[in-house]
Amino acid sequence: MKLALGPILYYWDRDTVLKFYEEMAGAPVDIIYLGETVCSRRHLLRLQDYLDMAERLAAAGKEVVLSTQTLIESENDLKTLRKLADNRDFRVEANDMGAVRLLANKMPFVAGSTLNIYNPQTLDMLAGMGATRWVIPVEMSHEALVAVLHNSQSKPETEVFAYGRLPLAFSARCFTARHYNLQKDDCQFKCLDYEDGLTLKTREGQPFLNLNGIQTQSALVYNLIGELDTLQSAGIDVVRISPQAHHTGKILQLFHECMEQRLAPAQALSQIGGLMPAASCNGYWYGKPGLDFIRDKQPAA
Amino acid sequence: MQHDKKIELVCPAGSLPALKTAIDNGADCVYIGFRDDTNARNFTGLNFSFDNAKEGVRYAHAKGKKVLLALNTYPQADNWQRWTKAIDAAAELGMDAVILADPGLMQYAVKTHPGLRLHLSVQGSATNYEAINFYHEMFGIQRAVVPRVLALAQVEQLMAGTGVEIELFGFGGLCVMVEGRCALSSYATGDSPNTRGVCSPPKAVRWQKTPNGLESRLNGILIDRYGTDENTGYPTLCKGRFDVEGETYYAIEEPTSLNTLELLPELIRMGIAAIKIEGRQRSPAYVEQVTKVWRQAIDSCLRDARAFSVKPAWMTELGKVSEGQQQTLGAYYRPWK
């Protein structure tokens, strides 16, 4: 199994991003996804900045993939998308069917998680158009995934979102701006103040969701570090870690050591606790509500 | 661009009486679903058996109206055949179109029933013309239902880039999230619109009287708490009151309904092919009221768009059946975002 770093889902200032990827160039990670996938108003880094970073990371031996925006609404969004699709140096992660239209049968691509591939028929069709890898829907269980892989003819690489706050929903509305009674078009870039998002709690204090501009995430951190053996036996090729403001390098290190079987899952789970912005959840993997955390692992199916 | 003045009124029906009511009150099309998780309103006691659907199609066709079948959830490896059988049934029933979201299923429909008309469901999350053209080129979809996230100017831009007919939501429950890309319900309860055809499912709902007020919970998660003088609402999880940095408010969306009646002249001018009314889970009385008002409004607007104005009586009628008795233009009106 290979280790991947997903795109930064939050809005960090330019220097922070550049420093972050300088560090990642030396981190034990095989694949790095780059790009703004959440909001077109976030502009501190432009496409050329990402391409420059991509060059540097590729020179450091990383496989680089450029991720497209997920919600594509305007002609400007499409313009950016076309530039990504026309680049000939790096593979593109398509996070919308509009991106698939531009890439299909022209260039190999990664089929992103929001393409909603729930069955082998859809997977095989996208593989036939050039998808060399797919990222499973966040809500897909281990059992459902095994059934897809068992019935798929094409067998592109399979990637699972295995660590981070889950990107659960996308909206036209910006919930961070709403928190400040601002309209999206005049959001004053409030996302910059929330390096790991803005936690939404129930009225009795339970952390429930995490507001990240137009994206709504889980407040809890999806964490499959204890499930790497089932990921392996299910035939997963790539394990994705989603960047957080602090300790991403250390988290990659723990996953890396676990995957190399130099660290036991129970140990890893106890060590990772202090590095997380919130508690763990893993319910989706067991076909349960996503926010559940199953401690007593069932034997692998 | 088309400036065809015809605009279809597409109304919901969760039962045969609702379907007949919709037709009798002026619907051009009625959309329905079967009694299982092949559609996004998979509620107990709702929807159509094969025989009910057959009678519905007969009734509608006898009056020159259409029936559309929603098969707009995502089949999985272990239940794939339930969806393909539903496609086969749609063809056998003579459905005027099937409304699909899953590309694998579209491929099946095209191969197996080449004459069957396909509409792209709102659950297919197509918010730009490149995506819509993808479905058109691959599967020949003839109409796309667009998610409730675009401003009207964005819809117009989208229409300039595609020849596919566009259907917009005009009235009813409002999804704040891009349909097909929201897993909030499965995060909280295990069941989502994509996989089970439900959002915030009734089986996960609990109401509790407490000293702090009446509480609504979804799988134990506190969604809202009501004072004695407050109207209660169904605990759809994005429409609860939550705490963000010590402030309690409707952090995602108020309990409110979409109502675009005042945009009607603009929608017709733009060449929108159809207006969709949400609410297959609602009663025949809802269907009757909403269909009647929208029929009158569309007819009045088609007669003379310049003289068109929203009658207060229409708004009163629609207000009675709106969620939280509140209405909004949603994302069509850009400042809403």
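## A strand and its partners

In strand β3 of chain A, the bridge partner of A:Ile32 is A:Val64. This is a predicted model, in which local features need pLDDT of at least 70 and side-chain atom pairs count only at pLDDT 80 or more, while totals for chains, interfaces and linings use all residues. Residues are numbered from 1 along each chain as its sequence is written, and chains are lettered from A and ligands numbered from 1 in the order in which they are written. Helices (H or I, at least four residues) and strands (E, at least two) are DSSP runs, numbered from the N terminus.

Strand β2 (residues 31-34) of chain A runs parallel to β3(A), and four bridges join them; two strands pair if DSSP finds at least two bridges between them. To get from β2(A) to β3(A), the chain passes through helix α2 (residues 47-59) of chain A, in a right-handed β-α-β crossover. A crossover is right-handed if, with the strands pointing away from the viewer, the path from the first strand over the helix to the second runs clockwise.

Strand β4 (residues 91-94) of chain A is also parallel to β3(A), joined to it by three bridges. In β4(A), A:Val92 is the bridge partner of A:Leu66. Here the chain crosses from β3(A) to β4(A) through helix α3 (residues 75-86) of chain A, and this β-α-β crossover is right-handed.

Strand β3 of chain A (residues 63-67) is largely enclosed by the rest of the structure, because four of its five residues are buried. A residue is buried if 20 or more other C-beta atoms lie within 10 Å of its own, exposed if 12 or fewer, and partly exposed in between, with C-beta atoms placed from the backbone.

## Helix α2 of chain A

At 1.5 Å a residue, the 13 residues of α2(A) should span 18 Å, and its end C-alpha atoms are 18 Å apart, which agrees. The expected span of a helix is 1.5 Å times one less than its number of residues. The buried residues of α2(A) are A:Tyr50, A:Met53, A:Ala54 and A:Leu57. They cover an arc of only 110 degrees around the axis, so they are on the same side of α2(A); the arc is that of the directions from the helix axis to the C-beta atoms. Among the elements that cover these buried residues are α1 (14-25), β2 and β3 of chain A. The face turned away from the buried side carries the exposed residues A:Gln48 and A:Ala59.

A:Leu47 is also found in helix α2 of chain A. A:Leu47 counts as partly exposed because it has 14 C-beta neighbours inside 10 Å. Leaving aside its neighbours within four places in sequence, A:Leu47 is in contact with A:Thr80 and A:Lys83; two residues are in contact if their C-beta atoms, placed from the backbone, lie within 7 Å. Just after α2(A), A:Gly61 takes a positive phi of about 95 degrees.

## Helix α3 of chain A

Helix α3 of chain A has twelve residues and reaches 16 Å from its first C-alpha to its last, close to the 16 Å expected at 1.5 Å a residue. Its buried residues are A:Asp77, A:Leu78, A:Leu81, A:Leu84 and A:Ala85. They cover an arc of only 120 degrees around the axis, which puts them on the same side of α3(A). They pack against β3, β4 and α4 (97-103) of chain A, together with α5 (129-139) of chain B. On the other side of α3(A), A:Asn76, A:Lys79 and A:Asp86 are exposed.

## The nonpolar core

A nonpolar core is a set of buried Ala, Val, Leu, Ile, Met, Phe, Trp, Tyr and Cys residues joined through C-beta atoms within 7 Å. The largest one has 208 residues, and those with the most contacts inside it include A:Ala111, A:Phe255, B:Val30 and B:Val98. Strand β7 (residues 157-171) of chain A gives the most to this core, with eight residues. Leaving aside its neighbours within four places in sequence, B:Val98 is in contact with B:Leu69, B:Leu71, B:Ile87, B:Ala90, B:Ala109, B:Leu116 and B:Leu118.

## Two loop residues

A:His247 has a positive phi of about 70 degrees although it is not a glycine. A:His247 is placed in the loop between β11 (238-241) and α9 (248-259) of chain A. A:Gln261, in the loop between α9 and α10 (265-273) of chain A, has a positive phi of about 60 degrees and is not a glycine. With 15 C-beta neighbours inside 10 Å, A:His247 counts as partly exposed, whereas A:Gln261, with 11, counts as exposed.
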